[in-house]
Amino acid sequence: MKTMSKTKEVSQKDKKLKISGAEALVRCLIAEGVDLIYGYPGGAIMPVYDEFYKFSDELHHVLTRHEQGAIHAAQGYARSSGKVGVAIATSGPGATNLVTGIADAQIDSTPVVCITGQVGSHLLGSDAFQETDIISISTPVTKWNYQITKAAEIPGILAKAFYIARSGRPGPVLIDITKDAQFGEMEFEYTPCSHIRSYVPIPAMDVSQVMAAAQLINSAKKPFVVWGQGVILGKAEKEFLAFIEKSGIPTASTLLGLSAMSTEHPLNMGMVGMHGNYAPNVLTNECDVLIGVGMRFDDRVTGSLHTYAKQAKVIHFEIDPAEVNKNVKSDVAVIGNAKETLAALLPHLKTKTYPEWIEKFKALYKIEFDEVINGQLNPTSEGLTMAEVIKLLNVETKGEAIIVSDVGQHQMIASRYSSFKRSNSKITSGGLGTMGFALPAAIGAKMGAPEREVVAIVGDGSFQMTIQELGTIMQTSAAVKIVVLNNDFLGMVRQWQELFFDKRYAYTVMTNPDFVKIGEGYRIQSKRVSKRDELVRAIKEMIASKDAYLLDVSVTKEDNVFPMIPTGASVSEIRLK
Amino acid sequence: MENILYTISVYTENNLGLLNRIATIFLKRHINIESLTVSNSEIEHVSRFIIVAYMPEEQVKKIVTQIDKQVEVIKAYYHTNEESIFLQSALFKIKSSLLFDMRQIQNIIKKSNSQIVTVNRDFFVIEKSGRKEEIEDLYNELLPYGIMQFVRSGRISVSKDEMRISDILKKQLN
């Protein structure tokens, strides 16, 4: 561990404070630069809340309406600000309510530290009131976890928690603190952690692999790059852009990589995956060199692995060695932070262009435009499409907004049709597919980037999974814009029922409440629209609003998201209808 | 793909909860652990797990990288039987009267290279270390006489190759 500056160390030693574990915890958070945390109080965490009261000038606590809201808000905060998000809850149900968000943060590599209260250490294992073994429960879904039973452990463990959450491939850390450890007295001294002997956050780059990658790329005839969130997490946007522009290689994003490169860039061919764009999916199976950058070849990206890019040599730029050869075997693996590995690669690349190869992307885009995109963006029928709502949002936000989407059809439409001019602008639950993510995540995202416009795109189903967080908006005045793409269905499941279950719509019809009344009940300006001319005005009004705004848009009920790679099919078998 | 018996060696910090964390990596992939032993290693404060399981080579590679990426794991390796030196221990509890009544039992003990750990009026205990098959042979030989209790430990193993854990820890310190 690295010590802070010498003078600070001495002055701290001079007046080694004897304080409670709870106060030590708060001082640790402040020392880590945390100024905002999300949480929900309860019995086993009350000593810490008592310290929040005393330290409210330095550390702002946002009371969510459910612990799941707290963790998703912390995730949204982390993803818009690039800092570590912090969520806090009590023992038992408080802790278990965090688990969905922890699993979400684990699979989407989001840096969060969760703090849970625990019953007194003398009661551990006695099935005490609100006792739950959150360490065992959270083990498979955390990067690291630890139960503190003595006040003296708090500074060292908290320092480790923040270091582990943010370093290397980021992820969630859970620290469980028994009540006696919160009450116990200890001498406080805080030293940030910068090293753990058993942990290698960023493996050393192997220059020979960089050279091998450069050679393969330089000799490629039809290369194709798929980038993922690793570009954003590694803050490697500039290096990535330089790599693409020098090499002249067409590229496409995964769901979580969106916004790392401008949607307007001529070499940006859109999104890969189940509901991605036609050209990048089809041409994955035609390229001769496939280059994955900061992505993990998730099954929603690859479709059937047996037929995925079998003709291509694969180069994988990846920070986590466990991802290499996990799903797709690579011919060259460049392990390391994309920022460093791409920078090392750049001088060895030839400046090239691939006009004929890029024409293929354009030709396939034309097919997708004619068959799908045009009808979605410029519908001739009376009913509103989800895509035209996104198109209008693009105009009003000028592609500068942070788009937070939930899970389902609206998520895919928002991801396919949103324009992005800057990075860190797309926040969604990718790997876990957590319905209810967007509303609380948008609250966190707004607080993590207060200067930016934040628009939550939610479905009528997912909205109601965490709808109580409208209360958090009311209490904090977070100026989140909420667009409900409302088709009175669990749309994505309904789409699958239509396509693969002979239209047997088992329990996907939603009888919805009046969302405008609900919004107004929470003192949020709210409007419902179902006509095209109203929509334009309403979106303008929403974006112009300085406060939170809820826009319930009634869209065509039985619309489908296309293109689509059916489960088990190959990326090149992507369907346009 | 062929299932092969692999010995996975894991050097770790000696921390609570790590056993659970490592076990879930197997559970998640529906791999049955044949045996598991945790002990001190040759390095102070460093624990060593020896985990034995059947799986294809492609899978053991993935499992080892998943174990290796855990924060408190220093290094994980996998070896085939040919690449390691290993044994297991077993204890047999037998009625004492048999030792005096049945000459054959004494022959069995001698022949099998096992040791008598304790003898008292009611029972005696035989300890046998070796390959799993040798222990099974002894078990089968003793079975007709009646075994009061039997227990076999997990595999312990050292690799023929060097592990270089001290080097890894030294490198990490710099």
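Which residues of α2(A) are buried? In this predicted model, the buried residues of the helix are G21(A), A22(A), E23(A), A24(A), L25(A), V26(A), R27(A), C28(A) and L29(A). Helix α2 spans residues 21–31 of chain A, and 9 of its 11 residues are buried, so the helix is largely enclosed by the rest of the structure. Just after α2(A), G33(A) adopts a positive phi of about 85 degrees.

An open sheet in chain A is formed by 6 strands, arranged in the order β3-β2-β4-β5-β7-β6, with parallel pairing. The edges of this sheet are β3 (60–63) and β6 of chain A, each of which pairs on one side only. From one strand to the next, the twist averages 20 degrees. Within the sheet, strand β2 (residues 36–39) and strand β4 (residues 85–89) of chain A are paired in the parallel sense over 2 bridges. Y38(A) has A87(A) in β4(A) as its bridge partner.

Strand β5 (residues 112–118) of chain A pairs with β7(A) in the parallel sense over 7 bridges, and V112(A) stands opposite P172(A) in β7(A). Strand β6 (residues 144–148) of chain A also runs parallel to β7(A), to which it is joined by 5 bridges; here Y146(A) stands opposite I175(A). Together, β6(A), α8(A) and β7(A) make a right-handed β-α-β unit.

In soluble globular proteins, nonpolar side chains tend to be buried together. The largest nonpolar core of the model has 173 residues, of which A87(A), V113(A), I175(A), F240(A), V404(A) and A456(A) touch the most other members. Helix α8 (residues 154–166) of chain A gives the most to this core, contributing 9 residues. A second, separate core consists of 20 residues, including V10(B), F49(B), I50(B) and A76(B). When residues up to four places away in sequence are not counted, V113(A) touches V84(A), V86(A), A161(A), F162(A), A165(A), V173(A) and I175(A).

Strand β18 (residues 481–486) of chain A pairs with β20(A) in the parallel sense over 6 bridges, and the bridge partner of K481(A) in β20(A) is Y549(A). Strand β19 (residues 525–529) of chain A runs parallel to β20(A) and is joined to it by 5 bridges. Q525(A) stands opposite Y549(A) in β20(A). A right-handed β-α-β unit is made by β19(A), helix α24 (residues 532–544) of chain A and β20(A).

The contact between the chains takes 15 residues from chain A and 18 residues from chain B. On the side of chain B that touches chain A, the elements giving two or more residues are β1 (4–13), α1 (18–28), α2 (57–68), β4 (73–79) and α6 (165–173) of chain B. The most is given by α1(B), with 4 residues. By residue class, this side of chain B divides into 5 nonpolar, 7 polar and 6 charged residues.

Definitions and conventions: Residues are numbered from 1 along each chain as its sequence is written. Chains are lettered from A and ligands numbered from 1 in the order in which they are written. This is a predicted model: local features need pLDDT of at least 70, side-chain atom pairs count only at pLDDT 80 or more; totals for chains, interfaces and linings use all residues. A nonpolar core is a set of buried Ala, Val, Leu, Ile, Met, Phe, Trp, Tyr and Cys residues joined through C-beta atoms within 7 Å. A residue is buried if 20 or more other C-beta atoms lie within 10 Å of its own, exposed if 12 or fewer, and partly exposed in between; C-beta atoms are placed from the backbone. Two residues are in contact if their C-beta atoms, placed from the backbone, lie within 7 Å. Ala, Val, Leu, Ile, Met, Phe, Trp, Tyr, Cys and Pro count as nonpolar, Asp, Glu, Lys and Arg as charged, and the others, Gly among them, as polar. Two strands pair if DSSP finds at least two bridges between them. A crossover is right-handed if, with the strands pointing away from the viewer, the path from the first strand over the helix to the second runs clockwise. Axes are lines fitted to C-alpha atoms, for helices over the stretch in contact, and angles run from 0 to 180 degrees between N-to-C directions.
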